[in-house]
Amino acid sequence: MPVVRVHESYHRVPKGLTAKDEDRLATAAVARLRAQSYHVACDADFDTDDQLASYPPSSASVAHLASRVRAATTTDETAAALTELAAPHDGVLTAIEEVLTATADFYDGLGEPSDPHIARRLRYLADEVLRTIRTDLSDTRNQLADRHAPHPGRSTCAQEVPANERERSAACACPPPPRTLPTPPPPVAVGLRR
């Protein structure tokens, strides 16, 4: 069952399960997390080398990058997440380019009159649009990596809570992030129209 707290979210087993069912669920959770390449530290009772046969969608790993950016407190953390998107050989955008190109190749051999147009459009998306996105994202990533600065509106939680609190993040002692007003847009130059 999902539990969402101020600075963390996690899953716990439902209430009312037997100890044997709780152990089975915990062992299965360790196997699922390790199948996703997460490092899992757990009690020896739940440690398993079992591998699950299911393949989770790739979108889950991309969504995980978004959560890393949302949780980032420094420019270096954000740059590291963006690196996985824009990496030239094994980044997410490179994989998307491969899918677009493979689909264009597939359309080339179908034989309908509109197929060559669709193939050209897919190649345009892979060659031009994706290249622009990759270039802009790489520049953004490089600028963030060069800053080596903390984000002024985000802080790392010390996870200090009162001694009578059972769960770490139920009552966080961190000060709220400072409120900043959005900066107004630059003034527009007014001139005579011809």
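Is Asp-115 buried or exposed? Asp-115 is buried, with a relative accessible area of 5%. Here, buried means under 20% relative accessible area, exposed means over 50%, and partly exposed lies in between (1.4 Å probe, protein chains only).

**Before you start**

This is a predicted model, where local features need pLDDT of at least 70, side-chain atom pairs count only at pLDDT 80 or more, and totals for chains, interfaces and linings use all residues. Residues are numbered from 1 along each chain as its sequence is written, and side-chain values use heavy atoms, with hydrogens and water left out.

**Stop 1: the whole protein**

Show the cartoon. The protein has five helices and two strands. Along the sequence the pattern reads β-β-α-α-α-α-α. Helices (H or I, at least four residues) and strands (E, at least two) are DSSP runs, numbered from the N terminus. Buried residues make up 18% of the 194 residues. Contact means heavy atoms within 4.5 Å. Among contacts between residues at least 6 apart in sequence, 45% join residues at least 24 apart.

**Stop 2: Asp-115**

Select Asp-115, in helix 5. Leaving out residues up to four places away in sequence, Asp-115 touches Tyr-107 and Leu-110. Asp-115 and Ala-104 are eleven residues apart in sequence and 8.8 Å apart in space, C-alpha to C-alpha.

**Stop 3: helix 3**

Select residues 75–86. This is helix 3, with twelve residues. From first C-alpha to last it reaches 16 Å, close to the 16 Å expected at 1.5 Å a residue. The expected span is 1.5 Å times one less than the number of residues.

Colour the buried residues of helix 3: Thr-75, Thr-78, Ala-79, Ala-81, Leu-82, Leu-85 and Ala-86. Look down the axis of helix 3. Its buried residues fall within an arc of 165 degrees, so they line one face of the helix. The arc is that of the directions from the helix axis to the C-beta atoms. An α-helix has 3.6 residues a turn, so residues three or four places apart point the same way.

What covers this buried set? The cover includes helix 2 (59–71), helix 4 (92–108) and helix 5 (115–147).

**Stop 4**

Pick Thr-75. Its relative accessibility is 9%, so Thr-75 counts as buried. Beyond neighbours up to four places away in sequence, Thr-75 touches Leu-144, Arg-147, His-148 and Ala-149.

Move to Thr-78. At 15% relative accessibility, Thr-78 is also buried. Setting aside neighbours within four places in sequence, Thr-78 is in contact with Val-69, Ala-72 and Leu-144.

**Stop 5: His-148**

Select His-148, in the segment after helix 5. His-148 is exposed, with a relative accessible area of 58%. His-148 has a positive phi of about 50 degrees although it is not a glycine. Most residues other than glycine have a negative phi.

**Stop 6: helix 4**

Select helix 4. Its 17 residues should span 24 Å at 1.5 Å a residue; the end C-alpha atoms are 25 Å apart, which agrees. Leu-93, Thr-94, Leu-100 and Ala-104 are its buried residues. Seen down the axis of helix 4, they fall within an arc of 120 degrees, so they line one face. On the other side of helix 4, Glu-98, Val-99 and Phe-106 are exposed. Helix 3 and helix 5 are among what covers the buried residues of helix 4.

**Stop 7: helix 4 against helix 5**

Show both helices. Their axes come within 8 Å and cross at roughly 170 degrees. That makes helix 4 roughly antiparallel to helix 5. Axes are lines fitted to C-alpha atoms, for helices over the stretch in contact, and angles run from 0 to 180 degrees between N-to-C directions. Angles under 35 degrees count as roughly parallel, over 145 as roughly antiparallel, 65 to 115 as roughly perpendicular and the rest as oblique. The contact includes Leu-93, Ile-96 and Leu-100 of helix 4 and Leu-122, Ile-133 and Leu-137 of helix 5.

**Stop 8: the core**

Which residues touch the most other members of the largest nonpolar core? Of its 16 residues, they are Leu-82, Leu-85, Leu-100 and Leu-137. Helix 3, helix 4 and helix 5 each give two or more residues to this core. The largest share, seven residues, comes from helix 5. A nonpolar core is a set of buried Ala, Val, Leu, Ile, Met, Phe, Trp, Tyr and Cys residues joined through side-chain atoms within 4.5 Å.

End on Leu-137. Apart from residues up to four places away in sequence, Leu-137 touches Leu-82, Leu-85, Ala-86 and Leu-93.
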